[in-house]
Amino acid sequence: MPNESPANADRFDVIVIGGGPAGYPAAIRAAQNGLRVACIDEWKNRDGSPAFGGTCLNAGCIPSKALLESSELYYRTQHEFAAHGIRISAATVDVAQMQKRKSTIVRGMTQGILALFKGAGVTPLQGHGQLHGGKRVEFTGHDGARRSLAAQHVVLASGSAPIELRTAAFRAPHIVDSWGALDFPAVPRRLGVIGAGVIGLELGSVWRRLGAEVVVLEALPDFLAFADQQLAKEALRHLKKQGLDIRLGAKVSAATVRGEEVDVTYSDGRAEQRLTVDRLVVAVGRRPYTQDLLAGDSGVDLDERGFISVDEHCRTTAAEVWAIGDCVRGPMLAHKGKEEGVMVADRIAGRFGEINYQVIPSVIYTAPEIAWVGLTEEQIKASGRAYKSGIFPFAASGRARAMEQAQGFAKILAAKDDDQILGVHIVGPLAGELIAEAVLAMEYSASSEDLQRTIHAHPTLAEALHEAALNVDKRAIDTLNR
Ligand code: FAD
Ligand code: NAD
């Protein structure tokens, strides 16, 4: 920086450590608030190139959605186009081109962050950051050069890493995590997936649609145990119909690479079972990542599960040190981290900032998509609160039928006493887009009557929410009121 002493160049109002979807929005909002900001990020892609964007942009949300889109298009040529009267004699899969498209999207998005930083005036620093006492940050560039930085406020946004199983340790290219499964250069003939969670279902779907035989081993006896069980049952039915072989109550005891194959041993509660696959993906959750982040004198505490301890406003145990995103409690979702980043940056600037943790949407990008917000029917029942339920099947939606995607339903749960919407659960076409209306409604504490009286364009998928709201009071027009 011209005309500035080195000491000044190394002093910031805010230093953000981690440039994923939690950290980079925190840095941009802090700069928008007129503060002098640096964002440190150490991510390197497989080719050694550094990139902002963290897991989400480089190895998570964006590359997975790119492959989900490509594989879905291929699947539809095989299973849906004929119904539209479109005959394709020989659609073939070019995995190299799919991967190239995915990488181009990722590169564009991650380079976009540098452009956003430039526009907002954030100083990007690529390398490792470590927090010491007194809000001093040791920065080590990728070239090994070290700088001692100081800040008024430090925001920790170091993210998460995949959990490794002792019984199925990663051994690329045969036993891989989600990043490995996003980078397969060819469609495996037989793919095993441990964990029927969000990653297992999304990546299992990608490779199944492209022709792999996919077996998903899930330890729990219930499918999507954390979701509304009516929703989960409907989703399971559709995913099984697509050929995903989902085995519940399956506890893996060993996975061994033998030549080009992986032998998996698991118990299904009755007997020991064996499965041989060509590739095995382990997707059993993620853990907070804080390696070499905190020096002994940082004053920042971790909880018993390794998350950075924070209060409801993301303050850590050290004054003026904050933590956001996957490295703190709450769902590991990009949009949750982003809102925490914005809240913290606004609070640092003395502005208002709050998060409504009750109204965070979840989306699983399978086909049909699965999305929800608020409480499940099981949670409401357990709370003892009296409730009403409205449901609308996409089979009765003209738009869904026209799209040849009339599967699933929208379901609204509302309180019996004051009609407030308590939860919305959708399995169906573009459920991830439709849920936004429910999120907004719940953010404003809407009643089902509010949705009933809101005009929805016809014919749209969103009408399913309108009709589900009407069905809460058994006044739906386009479905039988049961
Ligand atoms: P991260 O994205 O992990 O970013 C943390 C960054 O900090 C990284 O770049 C890391 O290198 C850097 N870092 C860590 N320590 C240091 C240090 N000491 N110094 C410098 N830099 C450091 N979520 C969704 O909401 N929607 C989705 O569709 C979705 N799909 C996903 C698909 C997959 C396959 C995976 C794996 C995850 C997906 N997620 C999705 C989850 C989402 O990616 C995470 O919730 C999100 O990335 C968390 O953001 P974060 O900024 O907290 O952490
Ligand atoms: P997850 O928590 O969603 O699912 C893990 C699954 O593995 C669970 O069903 C669990 O019961 C099962 N499991 C755990 N141990 C097992 C074992 N030993 N054997 C068999 N099954 C076992 O975790 P994930 O799918 O790895 O995803 C990690 C995180 O990334 C999640 O928190 C998720 O929110 C996030 N993510 C989000 C999206 C999205 O929003 N669309 C997509 C991908 C990932």
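1. A polar contact is taken here as a pair of N or O atoms within 3.5 Å; within protein, one atom must be able to donate a hydrogen and the other to accept it, and residues adjacent in sequence count only if both atoms are side-chain atoms. On that basis, an oxygen atom of ligand 2 is 3.1 Å from a polar backbone atom of Met332, and an oxygen atom of ligand 1 is 3.3 Å from a polar backbone atom of Met332.

2. This is a predicted model, in which local features need pLDDT of at least 70 and side-chain atom pairs count only at pLDDT 80 or more, whereas totals for chains, interfaces and linings use all residues. Residues are numbered from 1 along each chain as its sequence is written, chains are lettered from A and ligands numbered from 1 in the order in which they are written, and side-chain values use heavy atoms, with hydrogens and water left out.

3. On the overall fold, the protein has 15 helices and 21 strands, these being DSSP runs numbered from the N terminus (helices H or I, at least four residues; strands E, at least two). The radius of gyration, taken over C-alpha atoms, is 24 Å, close to the 23 Å that the globule rule (2.2 Å times the number of residues to the power 0.38) gives for 482 residues, so the protein is as compact as a globular protein of that length. The C-alpha trace spans about 75 × 60 × 45 Å along its principal axes.

4. Turning to ligand 1, 37 residues surround it, and the closest are Asp41, Thr55, Lys65, Asp326 and Ala334, where a residue is near a molecule or strand if one of its heavy atoms lies within 4 Å of it.

5. The shell around ligand 1 draws at least two residues from each of strand 2 (37–41), helix 3 (54–59), helix 4 (61–79), strand 3 (123–132) and helix 10 (334–348), and helix 3 gives the most, with 4 residues. By class, this shell divides into 16 nonpolar, 16 polar and 5 charged residues, with Ala, Val, Leu, Ile, Met, Phe, Trp, Tyr, Cys and Pro counted as nonpolar, Asp, Glu, Lys and Arg as charged, and the others, Gly among them, as polar.

6. Around ligand 2 there are 19 residues, of which Ile199, Glu202, Glu218, Gly285 and Val363 come nearest. Besides the contact with Met332, an oxygen atom of ligand 2 is 2.8 Å from a polar backbone atom of Gly285, and a nitrogen atom of ligand 2 is 3.2 Å from a polar backbone atom of Ala219. The protein covers 76% of the 850 Å² of accessible area that ligand 2 has on its own. Helix 8 (residues 198–209) supplies the largest share of this shell, 3 residues, and the shell has 13 nonpolar, 3 polar and 3 charged residues.

7. The structure holds 1 cavity of 30 Å³ or more. On a 1 Å grid over the protein atoms alone, a cavity is a set of points where a 1.4 Å probe fits but cannot get out, a pocket is an open set with protein on both sides within 12 Å along at least five of seven lines, and lining residues have an atom within 4 Å of a point. The largest cavity has a volume of about 40 Å³, a volume being the space filled by probe spheres set on grid points that are joined across faces, edges and corners. Its lining includes Ile199 and Gly285, both of which are among the residues nearest to ligand 2.

8. The second largest pocket has a volume of about 730 Å³, and of the 30 residues that line it, Glu72, Arg76, Ala367, Pro368 and Gln405 are the closest to its centre. Helix 4 gives the most to this lining, with 7 residues, and the lining has 11 nonpolar, 8 polar and 11 charged residues.

9. Some backbone details deserve a check. A cis peptide bond with omega of about 5 degrees joins Ala172 and Pro173, and the bond from His458 to Pro459 is also cis, with omega near -5 degrees.

Definitions and conventions:
Accessible areas come from the Shrake-Rupley method with a 1.4 Å probe; for residues, only the protein chains shown count as cover.
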